[in-house]
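Thanks for coming, everyone. Please take a moment with the sequence and the structure before I start talking.

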Amino acid sequence: MSRARADEEEYWHSSKFRAFTFDDEDDELSQLKESKRAVNSLRDIVDDDDDDLERVSWSGEPVGSISWSIKETASGSTSSLEGRDSSLQKGSSSYAALPKQVSSYSLSSLFKGRNKLPSFQSLSDALTDTGAKNYAPELRRPKAEYKDYNSDWSPKDTVRRMQRGKVCSLERFRSLQDKLVLLDEAVAGHDGNVITAVLIFLKRTLRREILFRELEVRQVALCHLIHFLRETGEQKLLLDLLRFLDRTEEVALSQYREHLNIQDVEKKREFLKGCIGLPFSAEDTSHIQDHYTLLERQIIIEANDRHLEMAGQSEIFRKYPRKASILNMPLVTTLFYSCFYHYTEAEGTFSSPTNLKKTFKIPDKQYVLTALAARAKLRAWNDVDALLTTKNWLGYTKKKAPIGFHRVVEMLQRNNAPVQVLQEYVRLVEDVETRLNLATKYKCHDVVIETYRDLKDRVQLTAYKCKVERGSAEEEKINSILNNMVRSAY
Amino acid sequence: AIVWDEYLTGPFGLIAQYSLLKEHEVEKMFTLKPGRLPPADVKNIIFFVRPKLELMDIITDNVLREDRGRSPQRDFHILFVPRRSLLCEQWLKEQGVLGSFIHREQYSLDLIPFDGDLLSMESESAFKECYLESDQTSLYHAAKGLMTLQALYGTIPQIFGKGDCARHVANMMIRMKREFPGSQNSIFPVFDTLLLLDRNVDLLTPLATQLTYEGLIDEIYGIQNTYVKLPPEKFAPKKQGEGGKDLPTEPKKLQLNSAEELYAEIRDKNFNAVGSVLSKKAKIISAAFEERHHAKTVGEIKQFVSQLPHMQAARSSLANHTSIAELIKDITTSEDFFDNLTVEQEFMSGIDTDKVNNYIEDCIAQKHPLIKILRLVCLQSVCNSGLKQKVLDHYKREILQTYGYEHILTLNNLEKAGLLKPQTSGRNNYPTIRKTLRLWMDDVNEQNPNDISYVYSGYAPLSVRLAQLLARPGWRSIEEVLKMLPGPHFEERQQLPTGLQKKRQHGENRVTLVFFLGGVTYAEIAALRFLSQMEDGGTEYVIATTKLINGTTWIKSLMEKLEPAPF
């Protein structure tokens with residue numbers, strides 16, 4: 001307690017903390033609203049009939065009617081007058097579905113500190129307490145409810161009132177201890193909206209270090225504050241808080257997230273550079289580093305290429321004008337770009353594909369595929385062939401595809417590869433069924449014929465004859481195979 | 001005039017049509033967007049919005065641009081759905097426009113009826129809020145919704161639950177009940193049992209592709225508030241004389257619910273069983289139309305004519321669903337759909353979950369949609385109780401390199417939600433869970449199912465299995481597995497006055513309300529409906545949830561928004 005007292009003194013004497021009320025809109029208005037609420041609530045008790053709020057909320061609607069019936073059941077079930085009365089007062093915040101009830105805020109996030117039994121303890125205390133209160137006759141209550149807000153509400157009552165959407169001034173909670181009781185009460189009340197409200201008050205009236213320290217032992221409230229700061233974009237305070245809590249990785253990510261809001265690439269690059277040193281996990285650090293390097297690279301390439309394109313000297317840019325800038329594109333897109341425009345460049349230049357591959361340790365498969373797509377798009381079939389050819393140590397060459405030749409064929413076909421080119425890769429498709437399908441689909445007659453020959457399928461081969469042109473070399477081929485088959489069969 | 005937060009128009013459409021609003025003197029309706037409000041000769045402007053800060057910014061813009069000089073001056077009101085939020089009001093105040101609103105109220109929309117047995121809160125971010133932001137507001141709303149239900153349908157005597165959120169909701173309900181004795185009522189209880197299930201107890205199910213008719217419609221086209229928008233080509237008007245040449249270009253919008261007889265029959269079937277039903281129906285209908293030739297007497301003709309409207313409706317319903325089935329079939333017979341499904345099923349049956357998967361790599365290489373990749377990788381992670389560090393790092397690297405480094409934030413979110421994580425314990429619990437709960441069935445019957453596993457053609461949704469086992473033989477038989485799943489499991493009883501205690505007739509079904517906290521898929525709903533219909537089942541199910549989801553919408557809700565806000 002002595003600590004609390006000292007703190008109390010400490011912050012209390014500093015004058016910069018302003019008092020804070022929750023409904024300090026124009027007084028006239030708020031008073032009007034107050035009386036209106038009072039009237040409404042009176043009507044609540046006297047009779048439940050239409051009023052203007054009702055129309056706004058469409059009662060008489062299916063859903064509206066649900067809430068109506070609740071109300072009716074709620075009051076109908078209790079027979080005595082005071083029972084009815086209390087159900088209307090206390091029940092009001094439980095049945096927020098009632099359109100008429102002015103409000104029962106919620107945004108509740110309770111129980112974050114799951115293993116924190118104490119908060120539970122206080123909860124059940126509160127329960128038994130109110131239970132008793134409810135049964136007592138409270139005929140004069142309605143008047144008191146709406147009287148004003150300068151009476152001495154206890155923290156519990158204040159929270160109650162706020163839960164029911166009533167105007168409440170928090171400024172009379174002056175000592176640190178009072179404020180903390182208020183906060184704990186709000187947390188126990190489970191109504192997130194009220195918790196946030198109290199937090200806003202504390203944030204304004206408590207010194208940062210004190211606020212942080214007290215929240216550290218109040219996990220539920222802490223989560224709400226973090227969420228609140230994130231929502232309202234109070235980045236600096238958020239980072240301070242996370243740092244205070246030693247949640248370093250969260251700090252790093254939170255800070256990194258900021259880059260999304262920076263439009264200017266130069267500034268973004270600078271910002272990312274600053275992110276590299278942040279306490280990410282080891283794996284993430286390397287990604288952030290790569291992100292920075294990539295953007296740096298893209299800025300250089302972009303400047304260069306824009307210049308080239310404008311000058312109109314380079315053939316490739318003339319033939320295939322760039323559709324968009326390369327800035328902020330993913331790595332693989334950048335690689336595609338560089339395979340498209342800068343394929344033959346020496347490894348030394350920043351824009352060469354091999355340089356990118358090395359710098360970012362792009363896996364072979366990814367590299368070959370991207371290059372393949374880019375070269376196929378340019379219909380550079382020789383490059384395609386080179387990419388798919390591997391040499392073994394004896395110097396023999398062998399065709400190898402990183403994703404299966406049927407995918408290669410599809411990719412080439414999409415780029416309108418001629419049959420001669422396609423055929424070569426269709427032939428390499430391992431699965432016979434797929435090979436036949438592709439070959440038939442893309443009219444690679446030779447492949448179809450050879451496959452049937454190897455399968456010794458006379459019927460299919462004969463049938464295929466009608467698919468090839470009459471008198472063509474293919475027909476000749478089929479005929480000769482059929483003849484040979486006959487001979488070998490007998 | 002009403003200015004609508006566009007998201008809300010869907011759910012509100014389910015409870016009020018425009019004509020009804022008109023009756024209540026709503027002159028005009030606009031959707032909320034920045035800029036000046038459209039002119040309208042009205043006195044009152046009401047904003048219907050969710051309590052979100054970005055929406056507050058738009059409203060601020062609207063209000064600030066309002067022409068002060070105009071007469072009559074328009075009055076502004078704001079209506080928060082489902083709850084008023086001090087945070088938003090504070091925000092409006094900081095922007096200096098709070099005073100412009102004459103009324104600031106809330107419209108408490110907790111549970112919206114979607115069908116005879118289905119309620120949803122349509123709170124899209126409930127899962128994200130609970131697991132990423134530790135903001136359990138939606139649970140508070142869920143508890144309130146349940147109190148409302150109990151006020152209408154009687155106190156539910158038994159509450160079971162599994163998971164942290166389930167525990168919280170149960171606690172809140174008990175507390176609310178004690179605090180507000182007005183909630184005691186004398187209604188005979190409709191529900192015997194309430195089962196609260198956390199989505200994070202079963203992260204697996206939504207990730208898999210749903211294979212029921214309705215599930216597939218949702219996976220492919222997305223059902224929103226019971227409406228689906230379909231590509232128009234297959235719905236070209238067939239009638240002559242309507243200038244049938246020009247194809248409609250607007251997407252075809254259809255409402256899907258059990259009020260449509262045919263849809264009620266096929267929605268929950270495995271897609272492979274839908275075709276035969278449709279063709280059978282087609283025969284019945286054409287036979288019915290044929291009957292006109294046999295109608296001889298005036299009485300017979302009269303009877304035929306009286307049936308015509310019903311037959312016409314049946315025919316157009318059949319035409320619609322045949323077209324939808326065609327559209328879906330085009331996709332389900334594609335190579336990629338098959339490959340994707342094969343991989344999913346391998347993972348779920350426990351094959352090769354511990355190494356880098358070729359198909360996933362290929363999809364990344366071909367830059368398939370990121371969400372598809374994330375679904376698969378998460379599925380693999382869940383089916384392996386986390387991925388080996390090396391495998392995880394490999395996927396991460398490939399994803400970041402192909403889709404952009406900024407997705408590191410999304411990957412982080414998924415990790416926090418437990419969907420994508422390194423295997424920490426070094427032990428994979430999934431095989432034990434799979435075997436004990438019989439999550440994978442090899443001999444699945446899609447046409448005439450005998451087990452819930454038909455909804456995923458082999459995989460029985462874990463969540464629904466838990467519900468099934470709770471009804472019979474009870475959770476005590478699976479204590480061990482329950483302990484492996486996250487969060488506590490519990491049972492609570494709410495005392496009923498003796499007069500209200502049910503005396504069960506022999507053969508009478510028990511009714512269980514299953515509340516999915518964090519979302520439910522159509523396939524899970526189908527599985528529960530299947531259990532309701534089982535002859536010897538003994539339990540009927542009503543389903544409630546925070547949101548109807550599928551893997552795609554779910555993952556999307558967890559992704560970091562990468563575009564900066566419009567302001």
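Predicted model: local features only at pLDDT ≥ 70, side-chain atom pairs only at ≥ 80, totals over all residues.

**Salt bridges, a pocket and some backbone details**

Let me begin with a pair in chain A, where A:Arg213 forms a salt bridge with A:Glu214, the closest N and O atoms being 3.5 Å apart; by salt bridge I mean a side-chain nitrogen of Lys or Arg within 4 Å of a carboxyl oxygen of Asp or Glu. Residues are numbered from 1 along each chain as its sequence is written, chains are lettered from A and ligands numbered from 1 in the order in which they are written, and side-chain values use heavy atoms, with hydrogens and water left out.

Coming back to that pair, A:Arg213 is partly exposed at 29% relative accessibility, whereas A:Glu214 is buried at 6%. Here buried means under 20% relative accessible area, exposed means over 50%, and partly exposed is in between, with a 1.4 Å probe and protein chains only.

Which residue of chain B does A:Asp290 pair with? The partner is B:Arg397, and the closest N and O atoms of this salt bridge are 4.0 Å apart. This pair crosses between chains, running from A:Asp290 in helix α16 (residues 282-311) of chain A to B:Arg397 in helix α16 (residues 389-403) of chain B. A:Asp290 is buried, with a relative accessible area of 12%, while B:Arg397 is partly exposed at 25%.

Within chain B, the side chains of B:Arg493 and B:Glu491 meet in a salt bridge at 3.0 Å, N to O; B:Arg493 is exposed at 56% relative accessibility, and B:Glu491 is partly exposed at 38%. There is also a network of salt bridges that links A:Lys365, A:Arg407, B:Asp339, B:Glu361 and B:Asp362. Over all chains, a search of the whole structure finds 50 salt bridges.

Now to the second largest pocket, which holds about 870 Å³ of space. A pocket is defined on a 1 Å grid over the protein atoms alone, as an open set of points where a 1.4 Å probe fits, with protein on both sides within 12 Å along at least five of seven lines, and its lining residues have an atom within 4 Å of a point. There are 28 lining residues, and A:Thr333, A:Phe336, A:Phe340, A:Ala373 and A:Lys377 are the ones nearest the centre of the pocket. Three helices of chain A, α18 (331-341), α20 (364-377) and α22 (405-414), each supply at least two residues of this lining, and the largest share, 6 residues, comes from α18(A). By type, the lining residues divide into 15 nonpolar, 6 polar and 7 charged.

On the backbone, what kind of peptide bond joins B:Arg472 and B:Pro473? It is a cis peptide bond, with omega at about 5°, and B:Pro473 lies in the loop between α19 and α20 (479-484) of chain B. Helix α19 itself (residues 462-471) is mostly covered, since 9 of its 10 residues are buried, among them B:Leu462, B:Arg465 and B:Gln468.

For A:Asn328, phi is near 65°; A:Asn328 sits in the loop between α17 (315-319) and α18 of chain A and is partly exposed, with a relative accessible area of 38%. For B:Glu25, phi is likewise near 65°; B:Glu25 lies in the loop between α2 (18-23) and β2 (29-31) of chain B and is exposed at 65% relative accessibility.

Finally, please find A:Tyr464 in helix α26 (residues 458-464) of chain A, where A:Tyr464 is buried at 4% relative accessibility. From A:Tyr464 to A:Ile481 there are 17 residues in sequence and 13 Å in space, C-alpha to C-alpha.

Definitions and conventions:
Points joined across faces, edges and corners; volume = space filled by probe spheres on them. Helix = DSSP H or I, 4+ residues; strand = E, 2+ residues; numbered from the N terminus. Nonpolar A, V, L, I, M, F, W, Y, C, P; charged D, E, K, R; others polar.
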